[in-house]
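The exercises below concern one protein chain and are meant to be worked with the sequence and the coordinates open. Please try each task before reading its solution.

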Amino acid sequence: MDFGGGDEIRFERQGAAGIVTLTRPKALNAITHRMVLALTRALDEWQSDDAVSVVVVKAEGRAFSAGGDILRIYEAGKAGGFPVEFFADEYRLNAAIARFEKPYVSLIDGIVMGGGVGISVHGSHRLLTENAVFAMPEVGIGFFPDVGGSFFLPRLKNCFGSWLGLTGDRIRFGDALWSGIATHAVHSADLGAIVAALAETGDPDEVCERFAFEPPRETEDASLSSIGRHFSLESISDILVSLGQGREHGDEFAGKALATIRTRSPTSLHVAHRQILAGGMLSMDECMRMEFRILNRMLKGHDFYEGIRAVLIDKGSKPDWKPATIEEVGEAEIEAYFAPLGDSELAV
């Protein structure tokens, strides 16, 4: 089936299933504009196709998807061609997945970050294997947890979403299942059988009941308590003070989180904290419109390009954030990221 994705994404019909396979393993299945448009077309067609009972999304290689194709975005932005339309189409796709009326099953066997999260976490069934590694690391590159991060992060248990969004830390499938990112945990060795069963039955609930199991949570009780205590606070400044106090009282988890946050973009941290607080009270469509407002300002700012340079171009170098510290970021400056776009608002 050809929905225009070229050699980057493949579409097939197997029995009752419409199957999507990400086919850029050498690029860790980074999401491109062509992939976004092709998946959007496929979902539009399969939504009204009575022969398709379930959509299954999987990937080739060791990553489900490590995010968006960030280097292409960096190069376009540096050349002055801010790739707003890519993000507009990506955000519309994220919202379309959230409202998709048929079961949407993501089979996550490896790294899932950024844009890969956007095409998986909003579906009805999120199956993670023992190989899965989840993260939203955007604040480390001067960006923000987009692709619907505003919607799903504040809805995770125990302020887990605030911790993930502000640190960019990675978690595995036990934590993902416990917190609500995953709906089921399955064994990697069973994925082929799961796809076959979905194609045969079209019933993901029955298939998940057959193959799912409950792995132990990786994060210990003491660390969970620390996350809930520190990351529930209503400002970045309060979080930092609380983490510092925790470190002074021997809380190793708090000390590590504080050290990590201090390396992230101060502007991104303020934006991410505010969007997560706001997103808990917004619908998915409202979150995507808010993120599009932020995106338009981020692409014209400094930290995103500096973060990409330090992390991906001059690998391992220290980014020169501007402003340089969390304390230097002004409230009006952050407010501007959330201001309406007038006629340029995202139509979801």
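**Exercise 1.** Does Ser 106 count as buried or exposed?

Solution. Before any value is read, note that this is a predicted model, in which local features need pLDDT of at least 70 and side-chain atom pairs count only at pLDDT 80 or more, while totals for chains, interfaces and linings use all residues. Residues are numbered from 1 along each chain as its sequence is written, and side-chain values use heavy atoms, with hydrogens and water left out.

Step 1: Ser 106 is found in strand β5, residues 104-108 (strands are DSSP E runs of at least two residues, helices are H or I runs of at least four, and both are numbered from the N terminus). Step 2: the relative accessibility of Ser 106 is 0%, so Ser 106 counts as buried (buried means under 20% relative accessible area, exposed over 50%, and partly exposed in between, with a 1.4 Å probe and protein chains only). Step 3: leaving aside residues up to four places away in sequence, Ser 106 touches Val 57, Ile 119, Ser 120, His 125, Arg 126 and Leu 127, where contact means heavy atoms within 4.5 Å.

**Exercise 2.** Describe how helix α2 packs with helix α15.

Solution. Step 1: α2 (residues 70-78) and α15 (residues 303-313) pack at an angle of about 135 degrees, with their axes 11 Å apart; axes are lines fitted to C-alpha atoms, for helices over the stretch in contact, and angles run from 0 to 180 degrees between N-to-C directions. Step 2: that angle makes α2 oblique to α15, since angles under 35 degrees count as roughly parallel, over 145 as roughly antiparallel, 65 to 115 as roughly perpendicular and the rest as oblique. Step 3: on the α2 side the contact includes Ile 70, Tyr 74 and Lys 78, and on the α15 side it includes Phe 304, Ile 308 and Leu 312. Step 4: by class, this contact of α2 with α15 has 9 nonpolar, 1 polar and 2 charged residues (Ala, Val, Leu, Ile, Met, Phe, Trp, Tyr, Cys and Pro count as nonpolar, Asp, Glu, Lys and Arg as charged, and the others, Gly among them, as polar).

**Exercise 3.** What is the relative accessible area of Lys 78, and how far is its C-alpha atom from that of Phe 11?

Solution. Step 1: Lys 78 lies in helix α2. Step 2: its relative accessible area is 56%, so Lys 78 is exposed. Step 3: the C-alpha atoms of Lys 78 and Phe 11, which are 67 residues apart along the chain, are separated by 34 Å.
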